[in-house]
Amino acid sequence: MTLSESAIGDLAFQALDALRIEIPSWGFANTGTRFGKFVQPAAASTIEEKFADAAEVNRLTGATPTLALHVLWDLPNGLRDVAAVRALERRFGIRSGSINPTLFQDQEYKYGSLANPSQAIRERALQHLLDSIEIAKALGARDISLWLADGSNYPGTQSIPKRIGWLEEALCAAHDHLADDQRLLIEYKPFEPAFYHTDIADWGMAAYLAHKAGPKACVLVDTGHHYSGQNIEQVVAWLLYLGILGGFHFNDRRYADDDLTLGSIDPYQVFRIFHELHSSQSKESSLGGVAYMIDQSHNLKGKIEAMVQTVVTAQELYLKAALVDRERLADLQQSCDLVAAEELFRGAFWRDVRPLALSWRAARGLPADPLEALRASGYVERAVRERGGRHAAVSSYA
Ligand code: PSV
Ligand code: MN
């Protein structure tokens, strides 16, 4: 390593000061698998409770000032709920983050939303997307994060090219509706709930649609939305190179969209993704920077605990990647000194950055050990007492 200790300290503080991660409102609510829900007594069931939980995570980690909202789950009355959300923002010191249109749960969407063969249903879905953009404007939220469950289950049952055309139309209309400083983030997913074809299945399709929609549209990478073995950091490097990476939904996975806590299965992959972000000459997308968001749903771990664990893991892995000696690495890459290059890279991954994170927390007035501080605060026990009675046992098997 050629970096001096003081340079390492400065880089570490810069990195941790810069890292802001958005947490999802739905990560605090009761969720489950398609076989049923395991209800947690401390789970949030109102938007007020979700804001309270987000504020607690931010108090403990100092890194999560915004909360992603899903329109039908959090603002079921649309624009009429905006004033109440603004009041919660002031009360809890947490701002609304990305606004996620909910285009997958209504019965009409059985055969798709923006790519449904029925013009009336497509129009209805587009209207929801436009309404979501209006909500984002009213909340001062920059990003509209779009994920569609659209696709089909059986070969020959839908026209793939027609559906591409319908998507293009809708996304262009949505793009026209954005304010100058807003962005449309297009998320892809290879399968689930559609199992034969998904209308936006990979980063290439998302990038094409973003390109067609206009300069304020970019791609959102959900780390769980890839086939096993896919080189996600290469996807990230390409999107950065193209200037079209808008943001992330971070989570970890063993098989598919498992929504596990970040780095729980493969921390090296998260490190490699962060390395690409730190290395990029064009960290900025076409408009604004890359938004780091978490998209997890904790069914077995305590929700707030799991969120804190993920944020702390993200901070540690981001820090490790920030400390890669990139100048030296570039020389080693240039001279094709493979083993030395790999050892430098791996060495940065294995560096114990926890003492650096600890000094950063001390300097910023944050708890030394956020998980321990959560336990000591009694926050979860209070939530159990206040919220527990409201959660009736829910079980379903579909
Ligand atoms: C879909 O699997 C997804 O990743 C999308 O981001 C949704 O908005 C989110 O999960 C919640 O269902
Ligand atoms: Mn997602």
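Predicted model: local features only at pLDDT ≥ 70, side-chain atom pairs only at ≥ 80, totals over all residues.

Biologist: What is His-197 in contact with, leaving aside neighbours within four places in sequence?

Modeller: The contacts of His-197 are Asp-150, Gly-151, Ser-152, Gln-158, Ile-160 and Arg-163. Ser-152 is also the partner in that 2.7 Å polar contact with His-197.

Biologist: Let's look at the loop between β8 and β9. Which residues does a cis peptide bond join?

Modeller: Glu-192 and Pro-193, with omega at about 5°. Pro-193 is in the loop between β8 and β9, and Glu-192 is found in that loop too.

Biologist: What about the phi of Glu-192?

Modeller: Positive, about 80°, although Glu-192 is not a glycine. As a rule, most residues other than glycine have a negative phi, and most peptide bonds are trans. Glu-192 counts as partly exposed because its relative accessibility is 36%, between the 20% and 50% cut-offs.

Biologist: There's another positive phi at Asp-259, I think. What's the value, and where is the residue?

Modeller: Asp-259 has a phi of about 55° and isn't a glycine either. Asp-259 lies in the loop between β11 and α9. At 15% relative accessible area, Asp-259 is buried.

Biologist: On to the metal. Which residues are the protein donors of the manganese ion (ligand 2)?

Modeller: Glu-187 through OE, Asp-222 through OD, His-249 through ND1 and Asp-295 through OD, lying 2.2 Å from the manganese ion. Their spacing along the sequence reads E-x34-D-x26-H-x45-D.

Biologist: Where do Glu-187 and His-249 sit in the fold?

Modeller: Glu-187 lies in strand β8 (residues 183–187) and His-249 in strand β11 (residues 245–250), so the pair ties together parts that are 62 residues apart in sequence. Both Glu-187 and His-249 are buried.

Biologist: And why is the arrangement around the manganese ion called octahedral?

Modeller: Because of the angles: the six donor atoms around the manganese ion subtend 72 to 165°. For six octahedral donors, the ideal angles are 90 or 180 degrees.

Biologist: Now ligand 1. Which residues are around it?

Modeller: Around ligand 1 you'll find Trp-26, His-70, Trp-73, Trp-147, Glu-187, Lys-189, Asp-222, His-225, His-249, Asp-257 and Asp-295. Glu-187, Asp-222, His-249 and Asp-295 are the protein donors of the manganese ion too.

Biologist: How far are the histidine side chains from the oxygens of ligand 1?

Modeller: For His-70, a side-chain N or O atom is 2.8 Å from an oxygen atom of ligand 1. For His-225, a polar side-chain atom lies 3.1 Å from an oxygen atom of ligand 1. For His-249, the distance from a side-chain N or O atom to an oxygen atom of ligand 1 is 3.3 Å.

Biologist: How much of ligand 1 does the protein bury?

Modeller: 88% of the 310 Å² that ligand 1 exposes when taken alone.

Biologist: Last one, then: how far apart are Glu-381 and Ala-42?

Modeller: In sequence, 339 residues; in space, 7.6 Å from C-alpha to C-alpha. Glu-381 is found in helix α15 (residues 379–387) and is partly exposed, with a relative accessible area of 43%.

Methods:
Residues numbered from 1 in each chain as written. Chains lettered and ligands numbered in written order. Heavy atoms only, no water. Donors = N, O, S within 2.8 Å, 3.2 Å for Na, K, Ca; no water. Tetrahedral: all angles 85-135°; square planar, octahedral: opposite > 155°, others 65-115°. Helix = DSSP H or I, 4+ residues; strand = E, 2+ residues; numbered from the N terminus. Buried < 20%, exposed > 50% of the residue type's maximum accessible area, 1.4 Å probe, protein only. Near = heavy atom within 4 Å. Polar contact = N/O pair within 3.5 Å; in protein donor to acceptor, adjacent residues only side chain to side chain. Areas by Shrake-Rupley, 256 points an atom, 1.4 Å probe, with all protein chains shown as cover. Contact = heavy atoms within 4.5 Å.
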